[in-house]
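Keep the sequence and the 3D view side by side as you read.

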Amino acid sequence: MLSMHTLLIIALAPLAGAALAGLLGRQIGRVGAHSVATLSVAVSCVLSFWVFYQLVWGGAHSFNENLYTWFQVGSFSAHVGFLVDRLTALMMVVVTFISLMVHIYTIGYMADDPGYQRFFSYIALFTFSMLMLVMSNNFMQLFFGWEAVGLVSYLLIGFWYKRPTAIYANLKAFLVNRVGDMGFVLGIAAVVYFLGTLDYAQAFQRAPELVGRTIQILPGHAWSAATLISLLLFAGAMGKSAQVPLHVWLPDSMEGPTPISALIHAATMVTAGVFMVARMSPLFELSSTALSFVLVIGATTALFLGLVSIVQHDIKRVIAYSTLSQLGYMVAALGASAYAAGIFHLMTHAFFKSLLFLGAGSVIIAMHHEQDMRHMGGLRKYMPITYITMWVGSLALSGIPPFAGFYSKDSIIEAVSNAHLWGSGYAYWSVLLGVFVTATYTFRMMYLTFHGKERFRVDPHAVKGDEHASHEPGVLAHPPHESSWVVTLPLILLAIPSLLIGAVAIKPLLFGGFFGSSIYVLPAHNVLAEMAGHFQDWESFTLHAFVSAPFWVAMAGIAVTSYVYLVKPSLAGRIAKGLGPLYRVLCNKFYFDELYFALFAKGGVRLGRGLWKAGDSTLIDGAMVNGSVSLVARLARFFRVLQSGYVYHYAFAMILGLILLLAGFVFTGHA
Amino acid sequence: MSHWPLLSLLIWVPIAGAIPVLFAGQNRPSTARWLTLLISLVTFILSLALLFGYNYNSGAMQFVESHAWLPAIHSRYGLGVDGISIALIILTSFTNVLVVVGAWEVIRDKVHQYMAAMLVLTGLMIGIFAATDALLFYVFFEAMLIPMFIIIGVWGGPRRIYATIKFFLFTMFGSIFMLLALIFLYLKTGNFSIAAMQHVPLTMTEQTWIFFSFLIAFAVKVPMVPVHTWLPDAHVEAPTGGSVVLAAVMLKIGGYGFIRFALPITPDAADHFAWLVITLSLIAIIYIGYVALVQEDMKKLVAYSSVAHMGFVTLGLFIVFILIRDGSVDMAKLGIQGSMVQMISHGFISGAMFTSIGVMYDRMHTRMIKDYGGLANVMPWFALFMVFFGLANAGLPGTSGFVGEFMVIIASFHASPWIGLAAAFTLVIGAGYTLWLIKRVVWGEVRSPEVAAMKDISAREIFVLASFALLVLWLGFWPEPLVHLIHAPITELVHTLGHSKL
């Protein structure tokens with residue numbers, strides 16, 4: 001049985017680790033800090049596996065209890081509490097396991113960094129926040145976790161706070177997320193408005209009441225309550241899971257150290273939106289409009305941001321755009337009501353994408369913090385473990401059977417093809433073409449990094465003095481070598497699920513009713529049930545791949561890329577030139593950054609300055625405040641003239657007054 | 001405790017305590033400091049005693065004292081508190097302790113006078129929150145200006161005379177109208193009891209005149225757009241302690257005035273003109289947010305941010321009328337709860353923000369954002385606090401800044417999705433101006449040799465900032481104690497507002 005104590009330990013152990021490593025960092029030293037943080041996350045991880053085991057095989061029931069009352073106003077209340085069912089347990093396992101891998105990896109990766117203790121404090125704090133998010137049993141706490149992971153993301157993107165680019169990127173990330181969160185908060189307010197509660201269980205129980213309820217947003221336009229709630233909540237997911245058009249922060253978040261790119265900006269935090277929508281399935285199911293919107297946004301993100309990945313030179317940015325595209329796949333699955341497939345891809349992606357990021361980090365260390373693939377090449381003979389494990393991740397990403405990504409991505413594409421919603425045709429072609437794109441950028445990255453000719457040279461005299469001072473690109477002081485075991489061990493441990501988890505999990509997760517009542521799907525939307533009809537086992541699913549479109553599309557991508565980068569390397573440049581305008585659009589990421597910067601950043605400051613000058617300075621202080629002061633002064637000057645102090649002035653005024661008075665009486669005839 | 005005139009003690013201990021502090025004289029600053037700290041601590045502990053004798057389930061005034069004061073006009077020395085007053089009194093006495101500690105080494109000139117002024121100010125502000133007689137309230141309300149005037153005028157910056165006069169004139173301008181309204185109500189009821197004023201029936205015309213008189217008086221204090229421009233000037237010129245008290249406590253008097261006077265005395269007029277106050281509140285949140293974004297002076301930025309945050313206070317109070325009309329009584333309570341929580345929270349956060357700016361000013365003698373940059377390199381502990389309070393100011397959940405905004409946004413959405421949308425915009429713009437400030441001041445490379453020479457915060461400064469931080473966290477993680485403290489009077493108030501006086 002699950003108990004509150006166990007769950008509290010799972011959630012709070014990383015918080016304690018974070019506090020110790022952060023506040024007492026100087027006292028306990030580097031080893032103390034990484035030990036306490038890693039250990040605390042290990043405790044969470046082991047207990048999470050135990051919870052998972054209990055729920056899946058141990059016969060334990062879902063846990064749903066409040067810990068304490070956050071506030072109580074009349075009959076409306078907010079609580080802090082945990083809901084742990086199989087959906088939560090799966091997330092807990094994924095989050096704590098990857099977090100643990102990243103902790104171990106960080107011991108090697110950040111070894112030379114002066115902010116070592118601070119870094120461990122942050123990533124442990126992140127684990128706490130993420131656990132609060134996935135374990136919540138109510139909307140308020142969900143939002144707490146939601147913002148807390150955003151905070152840690154902010155701190156970690158700006159971890160190297162001296163870099164202007166890093167502190168620009170973290171501000172941007174926070175603000176773009178806040179745009180989504182604005183919708184999210186309003187979504188929560190709408191839930192309270194229509195359902196009268198912040199508690200999941202109560203809200204979902206009352207969800208059927210939403211059918212037929214509307215709200216007047218504009219006079220004469222009635223909006224379906226379910227659509228409004230779902231779209232507002234989804235706005236939050238678009239921010240956190242970086243969907244078009246709120247995706248712009250994620251590529252820049254690569255300014256943070258690589259371990260957090262793996263943990264936060266690939267495996268866990270950015271998938272919070274996917275988790276949230278799956279959790280809210282009883283609400284989203286009520287609105288086909290919202291589901292169509294989700295589907296189209298997801299599919300658009302999957303295809304178009306994948307395209308951007310093809311033209312990137314920075315190895316981390318290739319993976320970052322790939323993450324955007326894969327998040328798009330997950331979101332598209334949600335839109336098709338294949339929530340389980342979305343969560344399935346979330347899980348497989350968490351393993352293979354964190355593997356790819358950590359692998360890229362390993363390459364970056366070997367290359368002395370060089371991230372530009374144009375200065376790499378031929379690295380396979382220097383770092384075999386990184387090379388092999390990254391191939392595992394790449395094949396999984398490209399959806400090649402029997403690697404994990406194949407099962408989840410193929411299920412999504414099939415689910416989307418079965419969807420009947422408005423926009424599902426467009427979505428299907430997008431996610432299908434996305435496969436070609438995925439294979440292309442993934443293989444391009446692997447070829448440029450590990451294969452072909454070495455595009456760097458080793459010159460022992462190239463770097464003098466400061467080891468990491470700016471040096472000529474492509475010149476290394478000593479040859480690259482394989483990273484230490486703390487770096488390669490997590491790579492190996494992540495490569496195993498990247499290879500196996502798909503085949504193992506597809507049957508129970510998608511067709512075995514694994515999620516039970518955690519996920520609710522209307523019978524009319526149930527695309528996975530349709531697919532279950534002809535699903536037998538993972539072997540036949542794998543064999544089926546060879547007669548289905550996605551596999552051959554991927555093969556086409558691989559063939560083209562292999563030809564271009566292995567056979568005729570000169571071709572790449574010529575293609576780029578040939579496709580001039582398109583290439584430029586991709587290089588400029590569809591000009592989103594330029595547009596937003598001009599419109600919101602510059603526009604906001606200009607608007608502020610305008611309002612300040614026109615409103616506060618000119619109108620209020622100028623006209624009203626100082627204006628009335630000068631009016632008083634002018635009146636005073638006028639009246640001062642009257643008080644001249646000369647007797648004859650006063651006598652004259654008296655006579656004048658008397659005459660006027662008398663004249664008045666005479667002319668009006670009153671005595 | 002019940003035999004003790006606890007409220008009188010809370011008012012007069014600091015005021016009477018100012019006398020020996022003054023006698024400590026110019027030459028014994030250390031005596032003056034310690035004596036002030038002692039008196040402040042006694043006051044703070046006395047204010048906490050209120051929590052123990054308080055009956056949480058009664059919305060009525062408690063710890064009541066009543067003595068004849070001006071029998072000729074039936075004005076009494078009447079004191080009494082409910083949960084709302086207690087929360088604000090504790091905020092006042094607590095802030096005072098931190099201000100005294102904060103000024104320890106910072107104020108070097110005429111220490112005894114500064115400390116005495118702070119003590120008098122504290123006593124008078126407690127008097128405002130404890131008075132049950134309108135004339136007594138008015139006396140405290142006006143008298144409080146004098147020590148503040150002195151604090152800004154003597155220890156303030158170069159343009160302090162302009163700032164003090166602007167501050168004084170704005171406030172006086174508002175309170176004249178309030179005095180007229182009070183006199184009118186006195187003529188109606190025959191005495192100055194606030195409770196009697198709340199119960200006296202008034203026609204719509206009478207209510208309208210009285211409502212606008214109160215609105216002008218309290219809108220200046222809050223301050224609401226468009227009568228807010230005194231605040232940035234006052235903050236910029238005030239010494240750190242003055243700014244802290246101004247932001248943390250004095251602005252709350254406006255919100256308190258709405259709760260105690262404007263809403264219950266003129267419920268129908270307030271209902272009728274709720275749209276006006278709601279509009280002004282939303283303008284405060286959005287327009288002032290944009291204005292805050294472009295400030296170059298840190299104090300001005302935080303001052304504008306205060307105006308925006310206080311917009312939530314007035315918003316929460318006035319959406320109540322829409323909600324009562326719709327029959328959503330719980331949401332109406334949530335709106336008032338939200339605005340009260342926002343007031344207390346803003347007390348902590350703005351107090352901490354101004355203290356932080358004071359910490360920087362003491363080292364660099366400039367408040368301009370462009371003179372700073374990269375403080376995280378030289379002052380890591382300070383950076384920790386500054387970032388923390390910045391995030392609290394941006395309403396991050398887990399800090400007190402979130403609670404009130406969350407409550408008010410939920411209640412607003414109930415009133416109208418459009419009001420909710422406008423209020424929720426604070427999530428973006430509030431984060432925008434605060435984190436941009438943090439980016440330019442805390443992060444980045446060390447900007448100049450002067451910044452490089454800055455020393456990290458001392459134990460005394462850590463004490464002040466950590467005290468604020470703990471309360472911000474406590475309220476963020478567990479607001480229920482505060483919500484419970486004020487629930488009974490809020491229930492009462494919502495009940496009152498549901499009944500027309502016509």
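Gly74(A) takes a positive phi near 60° in the hairpin of β1(A) and β2(A), where two residues lie between the strands. The two partners, β1 (residues 63–73) and β2 (residues 76–84) of chain A, run antiparallel and pair over nine bridges. Pairing here requires that DSSP finds at least two bridges between two strands. If you look for Gln72(A), you will find its bridge partner in β2(A), namely Ser77(A).

A word on the ground rules: this is a predicted model, in which local features need pLDDT of at least 70 and side-chain atom pairs count only at pLDDT 80 or more, while totals for chains, interfaces and linings use all residues. Residues are numbered from 1 along each chain as its sequence is written, and chains are lettered from A and ligands numbered from 1 in the order in which they are written.

Now zoom out to the whole of chain A. It has 26 helices and six strands; these are DSSP runs numbered from the N terminus, with helices being H or I of at least four residues and strands E of at least two. The C-alpha trace of chain A spans about 120 × 70 × 60 Å along its principal axes. Of the 671 residues in chain A, 55% are buried, meaning that 20 or more other C-beta atoms, placed from the backbone, lie within 10 Å of a residue's own.

Because 21 of its 23 residues are buried, α13(A) is largely enclosed by the rest of the structure.

Next comes the largest nonpolar core, which has 452 residues, with Ala332(A), Ala340(A), Ala87(B) and Val320(B) having the most contacts inside it. Such a core is a set of buried Ala, Val, Leu, Ile, Met, Phe, Trp, Tyr and Cys residues joined through C-beta atoms within 7 Å. Leaving aside residues up to four places away in sequence, Ala332(A) touches several residues, including Leu295(A), Ala302(A) and Val431(A); contact means C-beta atoms, placed from the backbone, within 7 Å.

Finally, turn to where the chains meet: 45 residues from chain A and 40 residues from chain B take part in the contact. On the side of chain B that touches chain A, α20(B) supplies the largest share, seven residues.

Notes: Two residues are in contact if their C-beta atoms, placed from the backbone, lie within 7 Å. A residue is buried if 20 or more other C-beta atoms lie within 10 Å of its own, exposed if 12 or fewer, and partly exposed in between; C-beta atoms are placed from the backbone.
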